[in-house]
Amino acid sequence: MSTHEPGGVGAGAEHGEEFRGTEQDVAEATPEKDLPGGGVEEPVVVDVADVHPELADPEVVAEKVASDREVHAAVGEPLLRMEDVTVQFGGLTAVDGVTFDIRRGEILGLIGPNGAGKTTCFNAMTGVYRPTSGSVVFDGEPVGRKKRFQITQMGIARTFQNIRLFNEMTALENVVVGTDARHRTSVPGAVFRTPRHRREEREGIDRAMALLEFVGVGGRATDKARNLSYGDQRRLEIARALATEPKLLCLDEPAAGFNPAEKEALMDLIRQIRDDGYTVLLIEHDMKLVRGVTDRIVVLEFGKVIAQGTPDAVTSDPAVIAAYLGVPDDATA
Ligand SMILES: Nc1ncnc2c1ncn2[C@@H]1O[C@H](COP(=O)(O)OP(=O)(O)OP(=O)(O)O)[C@@H](O)[C@H]1O
Ligand SMILES: [Mg+2]
């Protein structure tokens, strides 16, 4: 689990990621980041089968959750390519000439000691930071100068190392907000509530319910996000990210703070997400989880890739053992 908190100008809870607050950005929106705790109200557990009888059938849920967006890369081909990417903050080089591919259909692990540059790689991919040099190409298109909402629309979704939800909105609303990123209704269409807008709204709610069910928090749909347990909040973040219908789902330490049983369940969920046609990039410190769920691993140290390959090859690589596995935490922090 990460304990590292960077300093530096503009470094906040998530290294100064700003919420620019455009309407389209809302799927990425992260206005509240209080961790749960204190003042938890009595939970109201809704039986999803009462409200949405068809969602009692896992096959119906799977059908609504599965990504049916057009992906140009064939399975196994690069979906995202980081090409010699460098990100500098003043004099500090957080990511240093990083090159690796994420292949369509795989679960790729991104590991490394605290401060190695993992989250910064996510930020470079999702348009939070522009690389100082190098390029990120996603599904054949340079991410280049695209804005964050455009990158969401291209098909990259993420969760955050520090949970970010709309705490005062219900779990369902948090996910519906994610489905909005895909709506095609114009602003006048939304204002005058055209049939198309109403249909999209209905479909959004339907899909959001299915996603909540899929990640295992369907029963808490009408609870405010802040009243969900920590583990449920982490799962809710995944549902919200999936709501944008991504091709690539990036998870930044989704198991942080989980007990072994919760980690086991999360591994199953991540596998299921991949089996449903998504590509997954996973930052995770727990080696057991990483080894158990990933197809390949990229290892970063001091901003550089020091190894990549299968979990077995990488975790027995002496450079990795020295950099990451064999060195006590306080020596790498
Ligand atoms: N906005 C920023 N301003 C200044 N320095 C930053 C900023 N963001 C990241 N850094 C620095 O860049 C380096 C890489 O940080 P990053 O958060 O990417 O590491 P990480 O691998 O995700 O670490 P952790 O495992 O602790 O989450 C660190 O030295 C960090 O302090
Ligand atoms: Mg990080």
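**View 1. The largest nonpolar core of this predicted model has 78 residues.** A nonpolar core is a set of buried Ala, Val, Leu, Ile, Met, Phe, Trp, Tyr and Cys residues joined through C-beta atoms within 7 Å. Buried means that 20 or more other C-beta atoms, placed from the backbone, lie within 10 Å of a residue's own. L211, L212, A239 and L249 have the most contacts inside the core. Helix α7 gives the largest share, 7 residues. Domain 1 (43-67 + 172-245) and domain 2 (73-155 + 246-333) both contribute, so the core lies between them; these bounds come from an automatic or database domain assignment.

**View 2. Here is A239 with its neighbours.** Leaving aside residues up to four places away in sequence, A239 touches V175, L211, L212, F214 and V215 (contact: C-beta atoms, placed from the backbone, within 7 Å).

**View 3. Helix α5 (residues 171-180) is mostly covered.** Of its 10 residues, 8 are buried, among them V175, V176 and V177. Their cover includes α7 (195-215) and α8 (230-243). Helices are DSSP runs (H or I, at least four residues), numbered from the N terminus.

**View 4. Helices α5 and α7 pack at an angle of about 120°, with their axes 8 Å apart.** Axes are lines fitted to C-alpha atoms over the stretch in contact, and angles run from 0 to 180 degrees between N-to-C directions. The residues of α5 that meet α7 include L172, V175 and V176.

**Reading the views.** Residues are numbered from 1 along each chain as its sequence is written, and chains are lettered from A and ligands numbered from 1 in the order in which they are written. In this predicted model, local features need pLDDT of at least 70 and side-chain atom pairs count only at pLDDT 80 or more, while totals for chains, interfaces and linings use all residues.

Conventions
Buried ≥ 20, exposed ≤ 12 C-beta atoms within 10 Å, placed from the backbone. Helix = DSSP H or I, 4+ residues; strand = E, 2+ residues; numbered from the N terminus. Contact = placed C-beta atoms within 7 Å.
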